[in-house]
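Subject: Structure handover

Hello,

Here is the structure we discussed. My notes follow below it.

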Amino acid sequence: MKILIASDIHGSAKYCEELLNAAKKENVDKILLLGDILYHGPRNDLPDGYAPKSVISMLNGIKSKIIAVRGNCDTEVDQMVLDFPILADYAILTCGSRVIYATHGHNYNPDNLPPLNDGDILLNGHTHITAYEKREGYYYFNPGSVSIPKNDTQRGYILFERNEFIWKNLMGDIIYKVSL
């Protein structure tokens, strides 16, 4: 199964559309959204193309492809307009014998780890900063933000397939590739 992993759309129809075009081009089976889908939050400026109603329409149109976890800007009101579940604090996927713990990052993150075994994977967004690190006992991946990247990182996503993580910017350029 080929999964596109992205985070922090924050209501940007412009970058949501670019992300969905990338998903189509990459021919993914699922899209894993790591939270902060519709609202930009009080600490962020409005992203380019801010149009949450358009984002709702785009994502509801592919609801069967989406797995999502709740971000700190996602609420029950958002769930009322989205046709796929967004209120789970985490999702657990498998990668061979490894567990992938997917969460937004405002609760569980490298400073406050969820229950992980040696070699497991922590996957979160929230920081808007792309990251990959092999840490003591686990791997850490962060796709950054689709709409409001920080610390000079690029807008992008991670492709996950067959024990391989490939981070690409929205233009499709490979930034890094990690095989486990």
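I begin with Arg162. Arg162 is exposed, with a relative accessible area of 71% (exposed means over 50%, buried under 20%, partly exposed in between, with a 1.4 Å probe and protein chains only). Arg162 is found in the loop between E9 and E10. Strands (E, at least two residues) and helices (H or I, at least four) are DSSP runs, numbered from the N terminus.

Some ground rules. This is a predicted model, so local features need pLDDT of at least 70 and side-chain atom pairs count only at pLDDT 80 or more, while totals for chains, interfaces and linings use all residues. Residues are numbered from 1 along each chain as its sequence is written, and side-chain values use heavy atoms, with hydrogens and water left out.

**Positive phi**

Most residues other than glycine have a negative phi. Arg162 has a positive one, near 50°. Its hairpin, formed by E9 and E10, has 2 residues between the strands. Asp152 is not a glycine either, and its phi is positive at about 60°. Asp152 lies in the loop between strand E8 (138-143) and E9. Is Asp152 buried or exposed? It is exposed, with a relative accessible area of 83%. Asn27, which follows helix H1, has a positive phi near 55°. Gly172 takes a positive phi near 95°. Gly172 belongs to the hairpin of E10 and E11, which has 4 residues between the strands.

**The six-stranded sheet**

An open sheet of 6 strands runs in the order E3-E2-E1-E9-E10-E11, with mixed pairing (two strands pair if DSSP finds at least two bridges between them). Strand E3 (66-68) and strand E11 (174-179) are the edge strands, and each pairs on one side only. From one strand to the next, the twist averages 20° (axes are lines fitted to C-alpha atoms, for helices over the stretch in contact; angles run from 0 to 180 degrees between N-to-C directions).

Now the pairs. E1 and E9 run antiparallel and are joined by 3 bridges. Leu4 has Leu159 of E9 as its bridge partner. E9 and E10 are antiparallel too, over 6 bridges. There, Leu159 stands opposite Ile166 in E10. E10 and E11 pair in the antiparallel sense over 5 bridges. The partner of Trp167 in E11 is Tyr176.

**Phe165 and strand E10**

E10 is mostly covered, with 5 of its 6 residues buried. Phe165 is found in this strand, which spans residues 164-169. How accessible is Phe165? Its relative accessible area is 0%, so it counts as buried. Leaving out residues up to four places away in sequence, Phe165 touches several residues, among them Ile5, Ile100, Ile121, Phe141, Leu159 and Tyr176 (contact means heavy atoms within 4.5 Å).

**The five-stranded sheet**

The other sheet is also open, with 5 strands in the order E4-E5-E6-E8-E7 and mixed pairing. Strand E4 (90-95) and strand E7 (130-135) each have a single partner strand, so one side of each is left without a neighbour in the sheet. The twist here averages 15° from one strand to the next. Strand E5 (residues 98-103) and strand E6 (residues 120-124) run parallel, joined by 4 bridges. Ile100 stands opposite Ile121 in E6.

**Helix H1**

H1 covers residues 13-26. Its 14 residues should span 20 Å at 1.5 Å a residue, and its end C-alpha atoms are 20 Å apart, which agrees (the expected span is 1.5 Å times one less than the number of residues). Its buried residues include Tyr15, Cys16, Leu19 and Leu20. Their cover includes strand E1 (3-6), strand E2 (30-33), helix H2 (52-60), strand E9 (156-161) and E10.

**Pocket and cavity**

Both come from a 1 Å grid over the protein atoms alone: a cavity is a set of points where a 1.4 Å probe fits but cannot get out, a pocket is an open set with protein on both sides within 12 Å along at least five of seven lines, and lining residues have an atom within 4 Å of a point. Grid points are joined across faces, edges and corners, and a volume is the space filled by probe spheres set on the points.

The largest pocket has a volume of about 150 Å³. Leu20, Ala23, Lys24, Asn27, Val28, Ile31, Ile62 and Lys65 line it. H1 gives the largest share of that lining, 3 residues.

There is 1 cavity of 30 Å³ or more. The largest cavity has a volume of about 40 Å³. Its lining includes Ile5, Ile100, Phe160 and Phe165.

Best wishes
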